[in-house]
Each structure stands twice: as structure tokens, then as C-alpha cells.
Amino acid sequence: MHVAIDPHSSTPPYEQVRSQIAAQARTGELPIGLKLPTVRALAEQLGLAANTVARAYRELEADGVVETRGRAGTTIAPTGDASHRLAADAAAEYVARAARLGLTRDDTLAAVLAALDALDAAHR
């Protein structure tokens with residue numbers, strides 16, 4: 001596993017850790033069942049506070065990317081493509097809400113594109 005923190009980035013360190021681990025899990029670079037370093041070990045390796053790494057691990061677990069089993073540690077989850085499933089669920093909820101608000105298909109799509117553009121701008 002390779003995680004690098006850019007101290008000059010506007011992206012918070014916990015998000016840098018979270019996104020890099022998620023991307024490596026998604027591509028298979030981190031195989032299902034791989035045991036991740038402990039929070040303290042990774043924090044020490046990256047020069048971060050343990051709470052920063054713990055937050056990244058909590059968010060990865062909430063997203064279904066990893067599983068934490070107490071003393072057994074944190075491993076890459078065997079849920080297959082959990083991130084795509086969670087994204088599809090969120091998209092379905094959004095579309096249902098947009099329909100309740102009376103938005104057209106074009107308005108709904110425009111809102112998604114605007115949100116993606118804002119996210120891209122925030123990560124530059």
C-alpha cells in the first residue's frame with residue numbers, strides 16, 4: 001500500500017488517506033482481505049496524528065471499502081463493488097427528490113454536473 005500526503009494540498013490529510021486507499025481498493029491494487037496497517041502505524045509512517053488516520057478508516061468503513069474487526073484489524077472489504085452500489089443508491093435518492101421538487105431531467109442533470117464541477121474546483 002502506498003499513501004502519500006501532500007502538505008500543500010487544500011484537501012485535508014484524512015481525505016487524502018481515504019481517497020488513496022479507496023482508489024487502490026477499487027483498482028485491486030489492494031486486494032480483498034488485505035490487512036491494513038494499524039491506525040498508529042500508518043499515522044507514524046505518514047507523520048500524521050492518529051485521529052487523522054482513524055477518521056479516514058472510519059469513513060472507509062462507512063463507505064464499505066474496509067471492515068474493522070477490533071483486535072483482528074482493518075481489512076479491505078469483500079463486498080465487491082460497494083462504492084458503485086452506494087453511489088447508485090445515492091443517485092436514486094437524489095433523482096427521487098428532484099422529481100418530488102418538480103425538476104426536469106435536464107435540470108436534475110445540470111445540478112449534478114454543477115456539483116461535480118464544484119468538487120473538481122475544490123480539489124485543484
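Val39, Leu42 and Ala43 in helix H2 meet Ala50, Val53, Ala54 and Tyr57 in helix H3, where contact means heavy atoms within 4.5 Å. By class, this contact of H2 with H3 has seven nonpolar, no polar and no charged residues. Welcome to a predicted model, in which local features need pLDDT of at least 70, side-chain atom pairs count only at pLDDT 80 or more, and totals for chains, interfaces and linings use all residues. Residues are numbered from 1 along each chain as its sequence is written, and side-chain values use heavy atoms, with hydrogens and water left out.

**The chain as a whole**
- The protein chain holds five helices and two strands; these are DSSP runs numbered from the N terminus, with helices (H or I) of at least four residues and strands (E) of at least two.
- The C-alpha trace spans about 50 × 35 × 25 Å along its principal axes.

**Helix H2 against helix H3**
- The axes of H2 (residues 39-46) and H3 (residues 50-62) come within 8 Å and cross at roughly 120°. That makes H2 oblique to H3.
- Axes are lines fitted to C-alpha atoms, for helices over the stretch in contact, and angles run from 0 to 180 degrees between N-to-C directions.
- Angles under 35 degrees count as roughly parallel, over 145 as roughly antiparallel, 65 to 115 as roughly perpendicular and the rest as oblique.

**Helix H1 against helix H3**
- For H1 (residues 13-27) and H3, the axes come within 8 Å and cross at roughly 45°. H1 and H3 are therefore oblique to each other.
- The crossing of H1 past H3 is right-handed.
- From H1, Pro13, Tyr14, Glu15, Val17, Arg18, Ile21 and Ala22 meet Thr52, Arg55, Ala56, Tyr57, Glu59 and Leu60 of H3. Sorted by class, this contact has eight nonpolar, one polar and four charged residues.
- Ala, Val, Leu, Ile, Met, Phe, Trp, Tyr, Cys and Pro count as nonpolar, Asp, Glu, Lys and Arg as charged, and the others, Gly among them, as polar.

**A pocket to look for**
- The second largest pocket has a volume of about 150 Å³.
- Its lining includes Lys35, Val39, Tyr57, Thr68 and Arg71.
- The lining residues of the second largest pocket divide into four nonpolar, five polar and two charged.
- On a 1 Å grid over the protein atoms alone, where a 1.4 Å probe fits, a pocket is an open set with protein on both sides within 12 Å along at least five of seven lines, and lining residues have an atom within 4 Å of a point.
- Grid points are joined across faces, edges and corners, and a volume is the space filled by probe spheres set on the points.

Technical notes. Left-handed = near helix turned anticlockwise from the far one by under 90°.
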